[in-house]
Amino acid sequence: MEIAGIVGKPNVGKSTLFSALSMVNVEIANYPFTTKKTNVGVTYVRVECVCKKLGVRDNPRNSICIDGVRLVPIQIIDCPGIIREAHKGKGLGLKFLDEIRQASLLIIVADVSGATLADGTPAEPFTHDPVEDVEMVLDEFDAWLAEIISRDWPRISRAAEAKQVSLTLELSKKLSGLGVDENVVSEAIDAAGLDRSKPVSWKEEELLKLATMIRRRSKPFIVAANKADVKGSEKNVEKLVQRGYDVVPVSAEAERTLRLAASKGLVKYVPGDNNFEMVDESKLTPQQKKALEYIRENVFERWGGTGVQKLVNMAYLEKLGYIPVYPVENPHTLTDHEGRVLPDVYLMPRNSTPRQLAYKIHTELGEGYLYAVDAKTGLRLADDHLLKPGEVVSIVSTKKRG
Ligand SMILES: Nc1nc2c(ncn2[C@@H]2O[C@H](COP(=O)(O)OP(=O)(O)OP(=O)(O)O)[C@@H](O)[C@H]2O)c(=O)[nH]1
Ligand SMILES: [Mg+2]
C-alpha cells in the first residue's frame, strides 16, 4: 500500500489531521510534543469508479465502492513534531523518520493561523510565519538524509575514487530503503554540481546539497495549510503559495468533528463534500450546534469545504500523478477467481506498463508476466503500452498471484 508521512512542527495539528483521515483515536492537545511515537492508520483516495461507466455492479475487495465512488486505501503515518536542530537530537530527534522511509509522499502540516511559535508553544494568532515551518522541516529532513549518506563516507568515497566500487551504486544501496535508485543518485550528483571523479574531496556542505537534490527527486511533498478556519489565515495561505509550494488550505479539526458527527448520525456528510446537513437540530446540544455553525461559517463558507479529502486526492492524483487501474482475472466477466466484479484497484504512477502493474500486484505475477488484455476491448496490450486512468486489464502470467 502507498504510504504518506504526516510531518511538521509540534502543535500544528498533525494528529488531528491523522485522526480526521483515519478515524483512529489519538492524543491531541494544545502543547508541543503530544505525540511521542508514530501513529499508523489508513485513509482513502477518492476516485470515480469505472463500475458506472461499464454499467456493472462491483464487489470490491482491496477498496470500497459507494455509489460509484471508489475509495482506494493508502497508509498514513503521523509523526512526532520536528524542531530546528532535531537532527542533532533536539526535541524528540528524527529517529522516527526511519518509519516513513518508504513513504511516496510527505504531507507537511503548517499552522496558517500563525498561533504556534517555532517550538510549538501556543501564541497569539499571526505571530509566526508558517513558511518558516515548512522550510525548517525540509532543512531537517535534508540534514537527516545527509547523515545517512555520510555514514562510512571516507571508506566509500576512497573506494569509489580508486574505481574499486561504483559511486552511484554504493550511494543507492545506502538509500534503497528510501526508494532511491542509481538514476536518482546520478541526477542528484549532477544537479548539486559535484565532481563525481573526486568524491573524497566532497565536504559536509556538498553532501548536504546532494541530500537536498536526492530529496527533491524522491520525496515529493504537499503542504497542508491547517487551522485555515481561523479568521485572517488567507494571508498566510497566500504566502505559502507565493513561496512556490503546492498548498491545500485545510481545517483538520472541522473534518474530524464532521466525521465524528456523521458516524453518530448527527449530520449528513461524506468526506470531500462541499456541504453538510444537520439531521435533526433538536437532537444537538447547544455546544454541538455552535461548533457546527462555526464550521459552516469559517470553513464551508470561506473555503468551500474542510480541504482534507482534497489534500489526499491532490497529493496522489495531481502531485504524484497516479492513475487508478483495475486488474481482473477474467476479462469477460471482469472478475477474480472468486467471481468478484472489479475486485481491486491500484494507484499506479503515470506511464506505467501492464508489466509494472503485475509487479505491483505481486512479484511472482510480474516475474511470470506473459501479456495483458484490455478487458473492455478484449485486445492484447503491447509490452510498452502505457496504462490509462480507469483501464481494466487482465494479466496473463505463468505464475498465479500469491
Ligand atoms: N483552529 C484549529 N485548531 C486546530 C486544527 N487542527 C488542530 N487544531 C488544534 O491544534 C492543537 C494541536 O493539535 P495536534 O493534532 O495535537 O497537533 P500535532 O501537530 O499532532 O502536535 P504534536 O504531536 O505535539 O507535534 C490542538 O489544540 C488542536 O485542537 C484546526 O483545523 N483548526
Ligand atoms: Mg501529534
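Okay, so let's start with a pair of helices, α5 and α6: they are roughly perpendicular to each other, because an angle from 65 to 115 degrees counts that way. One thing to keep in mind throughout is that this is a predicted model.

So, the numbers for that pair. Helix α5 covers residues 167-174, helix α6 covers residues 182-191, and their axes come within 8 Å and cross at roughly 115°. The crossing of α5 past α6 is right-handed. Which residues make the contact? On the α5 side you've got Thr168, Leu169, Leu171 and Ser172, and on the α6 side Glu182, Val185 and Ser186. Sort those by class and you get three nonpolar, three polar and one charged.

Now over to a second pair, α3 and α7. Helix α3 is residues 130-150 and helix α7 is residues 204-218; they pack at about 115°, with the axes 8 Å apart. That makes α3 roughly perpendicular to α7, and α3 passes α7 in a right-handed crossing. From α3, the residues in the contact are Phe141, Asp142, Ala143, Leu145, Ala146, Ile149 and Ser150. They meet Leu207, Leu208, Leu210, Ala211, Thr212, Ile214 and Arg215 of α7. What does that contact look like by class? Ten nonpolar residues, two polar and two charged.

Okay, ligand 1. How many residues surround it? There are 25, and the closest are Gly13, Ser15, Asn30, Thr35 and Gly81. The elements giving two or more residues to that shell are α1 and α9, the latter being residues 252-263.

Last stop, a bit of backbone. Most residues other than glycine have a negative phi. Here are a couple to click on with that in mind. Phenylalanine 33 isn't a glycine, yet its phi is positive, about 60°. You'll find phenylalanine 33 in the loop between α1, residues 14-22, and β2, residues 39-48.

Where does glutamate 85 sit? In the loop between β4, residues 69-78, and β5, residues 105-111. Glutamate 85 has 15 C-beta neighbours inside 10 Å, so it counts as partly exposed.

That's my tour, thanks.

Definitions and conventions. Residues numbered from 1 in each chain as written. Chains lettered and ligands numbered in written order. Predicted model: local features only at pLDDT ≥ 70, side-chain atom pairs only at ≥ 80, totals over all residues. Axes fitted to C-alpha atoms, helices over the stretch in contact; angles between N-to-C directions. Helix = DSSP H or I, 4+ residues; strand = E, 2+ residues; numbered from the N terminus. Parallel < 35°, antiparallel > 145°, perpendicular 65-115°, else oblique. Left-handed = near helix turned anticlockwise from the far one by under 90°. Contact = placed C-beta atoms within 7 Å. Nonpolar A, V, L, I, M, F, W, Y, C, P; charged D, E, K, R; others polar. Buried ≥ 20, exposed ≤ 12 C-beta atoms within 10 Å, placed from the backbone. Near = placed C-beta within 6 Å.
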